[in-house]
2 protein chains.
Amino acid sequence: MTGTDHAHPIDPERVAHARSRLPGPDDAARLTSLLSLMADPVRIRLIYALDVAEELCVGDLALALEVNEDAVGYALRLLRTAGLVVTRKQGRVAYNRLAADFPAPLRDHCLRQLVELTRSTPAE
Amino acid sequence: MTGTDHAHPIDPERVAHARSRLPGPDDAARLTSLLSLMADPVRIRLIYALDVAEELCVGDLALALEVNEDAVGYALRLLRTAGLVVTRKQGRVAYNRLAADFPAPLRDHCLRQLVELTRSTPAE
DNA sequence: GAAACATCCGTAGGTCTGTACGGGTGTCCA
DNA sequence: TGGACACCCGTACAGACCTACGGATGTTTC
């Protein structure tokens, strides 16, 4: 292990303050599993496309994202399992759209605002 | 490959619309590398702790997060490399805080609001 | 100057994730 | 009813990620 267990906090007050407000391990797990779904080039662009186009089928998504259908299919499977995307089957075509309870902060601020940010600022 | 290359778009209008507004691969890469940094239990709680406590050293962070110093050190290395965390050395103690240009949407909406969301809604 | 402390660095190991491939199911058109 | 199409599923492989460990650096104290 690196260093000792640091039994002497340097600023006990701040440690206690942070500790009391900190999300628990279970909440953190839920949150990170959600963020992990966004943290992929194919999935984030897929979500972005559905946010713009309302509804798209698998083949059209592959065209819009310029990736093969395998990648789209895999991405959709994960998003569907997490409940972020719902599918409406009509004939032999499966139309996908963002779920109604898609987290608003993610959609409004992270998606749209962050894209602007990462475009203007060189990220460091 | 799965299926053919789907040369016949079902809804060409929406495909073109989505394609024109879609972030390019480079922008998507920047965005996902940023989100990947948040998509980890240790790092997200670390950022949360710094957001609350303003400034903390490595050992105190390990105490607050209830993880060993190795995990904290590794997390800080990545966040520092990305420019999200800055370090102020004073004597033999290194105080860490969020960078001044830490993306505001991430801090305000994703961090605080999402924690609330993932607590109340069972995520599906 | 020597010992103790807080932190950082380089490396090896196990684990998880994303991709590619083949095959399968259900639907539409002639 | 036979063929073509859009899509889904299960499996194997390559790559990235996180963790744990030992050692090294700079600083304070006596």
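Which residue takes a positive phi in the hairpin of strand 2 of chain A and strand 3 of chain A? It is A:G91, with a phi near 65 degrees, in a hairpin that has two residues between the strands.

Before going further, a word on the model. It is a predicted model, in which local features need pLDDT of at least 70, side-chain atom pairs count only at pLDDT 80 or more, and totals for chains, interfaces and linings use all residues. Residues are numbered from 1 along each chain as its sequence is written, while chains are lettered from A and ligands numbered from 1 in the order in which they are written.

**Chain A**

Chain A has six helices and three strands, where helices (H or I, at least four residues) and strands (E, at least two) are DSSP runs, numbered from the N terminus. Read from the N terminus on, the order is α-α-α-β-α-α-β-β-α. Buried residues account for 37% of the 124 residues in chain A; a residue is buried if 20 or more other C-beta atoms, placed from the backbone, lie within 10 Å of its own.

The three strands form an open sheet in the order 1-3-2, with antiparallel pairing. Two strands pair if DSSP finds at least two bridges between them. At the edges are strand 1 (56–57) and strand 2 of chain A, each pairing on one side only. Helix 3 (residues 41–53) of chain A packs on this sheet and touches strand 1 and strand 3 of chain A. Its direction makes about 90 degrees with that of strand 3 of chain A, taking axes as lines fitted to C-alpha atoms, for helices over the stretch in contact, and angles from 0 to 180 degrees between N-to-C directions.

Strand 2 (residues 85–90) and strand 3 (residues 93–98) of chain A are joined by six bridges. Here are two of the pairs:

| Residue | Bridge partner in strand 3 of chain A |
|---|---|
| A:K89 | A:A94 |
| A:V85 | A:L98 |

**The two chains together**

Chain B superposes on chain A by a rotation of 180 degrees with 0.0 Å of shift along its axis (RMSD 0.1 Å), fitted by least squares on the C-alpha atoms of residues with pLDDT of at least 70 in both. The two copies are thus related as by a two-fold rotation axis. The same surface serves both copies, as 98% of the contact residues of chain B recur in chain A.

The contact takes 64 residues from chain B and 63 residues from chain A, with two residues in contact if their C-beta atoms, placed from the backbone, lie within 7 Å. Helix 2 of chain B gives the largest share of the side of chain B that touches chain A, eleven residues.

Methods:
Buried ≥ 20, exposed ≤ 12 C-beta atoms within 10 Å, placed from the backbone.
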